[in-house]
Amino acid sequence: MIKKRLTVGAGWSMAAIGVLHTAVFLPHPYWGEWLTGGLRSGEGGDASLSVFWALPGGFVVPLVLFGLLLARLGRRGERAPAYVGWVVAGWAVGCELVVGPSGFLLGLIPAGLLIAEDLLARRRGAGRSAPGPVTGRGRDARPQR
């Protein structure tokens, strides 16, 4: 089985972006308010609410999980469809246009890797993924789908 190195790189870069985002914005005074139920009771301020949606309630956890999933796919010799890279690129550029200069540009790294992996596979004439394990014996053995 041949690893899809670009897919693995895209996955780890997505996971790293999520972890770094959390590490950079982790030290703030709102954790105590969140853990004591300030948002649930309505006592939290606007700043507390916006920081909550930027950190634990935002894209960080799904981004890390998605990155780990991509890394696993790549290690198994599979790749994500091209549209995944294009959607990630569109999301990053759209957010950059709305927010201005920010870390959203980092999203172009995994997007570019996913798109490049798909282009390389198409150029080589490979399918979407490696064939599955062979089952059965003799001439009747066919790849499992």
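**The aromatic cluster**

Analyst: Tryptophan 31 and tryptophan 34 are three residues apart in helix 2 (residues 31-35), so about one helical turn separates them. Helices here are DSSP runs of H or I with at least four residues, numbered from the N terminus. The model is a predicted one, in which local features need pLDDT of at least 70 and side-chain atom pairs count only at pLDDT 80 or more, while totals for chains, interfaces and linings use all residues. Residues are numbered from 1 along each chain as its sequence is written, and side-chain values use heavy atoms, with hydrogens and water left out.

As to accessibility, tryptophan 31 counts as partly exposed because its relative accessibility is 29%, whereas tryptophan 34 is buried at 11%. Buried means under 20% relative accessible area, exposed over 50%, and partly exposed in between, using a 1.4 Å probe and protein chains only.

Tryptophan 34 also pairs with phenylalanine 52: the ring centres are 5.4 Å apart and the planes stand at 80 degrees, so this pair is edge-to-face. Rings of Phe, Tyr and Trp (its six-membered ring) pair if their centres lie within 6.5 Å; planes under 30 degrees apart count as stacked, over 60 as edge-to-face and the rest as tilted. Because tryptophan 34 lies in helix 2 and phenylalanine 52 in helix 4 (residues 46-54), the pair ties together parts that are 18 residues apart in sequence. Phenylalanine 52 is partly exposed, with a relative accessible area of 22%.

The structure holds six aromatic pairs. In one of them, tryptophan 31 and tryptophan 34 have ring centres 4.9 Å apart and planes at 70 degrees, so that pair is edge-to-face. Ring pairs link Trp31, Trp34, Phe52 and Trp53 into a cluster.

Notes. Helix = DSSP H or I, 4+ residues; strand = E, 2+ residues; numbered from the N terminus.
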